[in-house]
Amino acid sequence: HRPEEIRKNLRYLSLIIALAREKNIDYKLYVSPISGELFDLIYAVHIGDLYEEWKRRLAEISDFYDFTGHNEITDSRVWWGDPSHIVTD
């Protein structure tokens, strides 16, 4: 659990976003969906607070879409090739 790595990577993201804004580049940020089981595991191994802190800090940089959490897609095994890759065919 490396909070400093998260801060460093968010600083890089801030620079990328600043450049995009400067160049009038439209961008969209999103947190990819993960299976409900993987989402629960994040909290079971006690890194949920760190994960939520990362998203709070991300929100300070830019708006973003958050596709994580429990819903009919993330909780159904039929949609997942593995815990972080959705199967679309």
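**Reading the fold, core and pocket**

Analyst: Asn-24 counts as exposed because its relative accessibility is 72%; the classes are buried (under 20% relative accessible area), exposed (over 50%) and partly exposed in between, with a 1.4 Å probe and protein chains only. This is a predicted model, in which local features need pLDDT of at least 70 and side-chain atom pairs count only at pLDDT 80 or more, whereas totals for chains, interfaces and linings use all residues. Residues are numbered from 1 along each chain as its sequence is written, and side-chain values use heavy atoms, with hydrogens and water left out.

User: Where is the place of Asn-24, and what is phi of this residue near?

Analyst: Asn-24 sits in the loop between H1 and S1. Its phi is positive, near 55°, and the residue is not glycine. Helices (H or I, at least four residues) and strands (E, at least two) are DSSP runs, numbered from the N terminus.

User: Which residue follows H2 with a positive phi, and is that residue buried or exposed?

Analyst: That residue is His-46, with phi near 65°, although it is not a glycine. His-46 belongs to the loop between H2 and H3. It counts as exposed because its relative accessibility is 71%.

User: How many helices and strands does the protein have, and in what order do the elements run?

Analyst: There are three helices and four strands. Read from the N terminus, the order is α-β-α-α-β-β-β. The C-alpha atoms fill a box of roughly 40 × 35 × 15 Å along the principal axes. Contact means heavy atoms within 4.5 Å; among contacts in the protein with a separation of 6 or more, 65% join residues 24 or more positions apart.

User: What share of the residues is buried, and which residues form the largest nonpolar core?

Analyst: In soluble globular proteins, nonpolar side chains tend to be buried together. Here buried residues make up 24% of the 89 residues. A nonpolar core is a set of buried Ala, Val, Leu, Ile, Met, Phe, Trp, Tyr and Cys residues joined through side-chain atoms within 4.5 Å. The largest one has eleven residues: Ile-6, Leu-10, Ile-17, Leu-29, Val-31, Ile-34, Phe-39, Ile-42, Tyr-51, Leu-58 and Ile-61. Helix H1 (3-22), helix H2 (36-44) and helix H3 (48-61) are the elements that give two or more residues to this core. Leaving aside residues up to four places away in sequence, Ile-6 touches Leu-50 and Trp-54.

User: Which residues of H2 are buried, and why do they lie on the same side of H2?

Analyst: An α-helix has 3.6 residues a turn, so residues three or four places apart point the same way. In H2 the buried residues are Gly-36, Phe-39 and Ile-42. They lie on the same side of H2 because they cover an arc of only 115° around the axis, the arc being that of the directions from the helix axis to the C-beta atoms. These buried residues of H2 pack against H3.

User: With which side chains does the side chain of Thr-68 make a polar contact?

Analyst: A polar contact is a pair of N or O atoms within 3.5 Å; within protein, one must be able to donate a hydrogen and the other to accept it, and residues adjacent in sequence count only if both atoms are side-chain atoms. The side chain of Thr-68 has such a contact with that of Lys-55 at 3.2 Å and with that of Asp-66 at 2.5 Å. Thr-68 is placed in the loop between strand S2 (65-66) and S3, and it counts as buried because its relative accessibility is 13%. Beyond four places in sequence, Thr-68 touches Val-31, Ser-32, Ile-34, Phe-39, Tyr-51 and Lys-55.

User: Is Asp-26 buried or exposed, and with which side chain does it make a polar contact?

Analyst: Asp-26, in the loop between H1 and strand S1 (30-31), counts as exposed because its relative accessibility is 64%. Its side chain makes a polar contact with that of Lys-28 at 3.5 Å.

User: How many residues line the largest pocket, and which elements give two or more residues to the lining?

Analyst: The lining has 13 residues, of which Ser-35, Glu-37, Thr-74, Arg-77 and Trp-80 lie nearest the centre of the largest pocket. H2 and strand S3 (80-82) are the elements that give two or more residues to it. Ser-35 lies in the loop between S1 and H2, counts as buried because its relative accessibility is 5%, and touches Thr-74, Trp-80 and Pro-83, not counting residues up to four places away in sequence.

Definitions and conventions: On a 1 Å grid over the protein atoms alone, a cavity is a set of points where a 1.4 Å probe fits but cannot get out, and a pocket is an open set with protein on both sides within 12 Å along at least five of seven lines; lining residues have an atom within 4 Å of a point.
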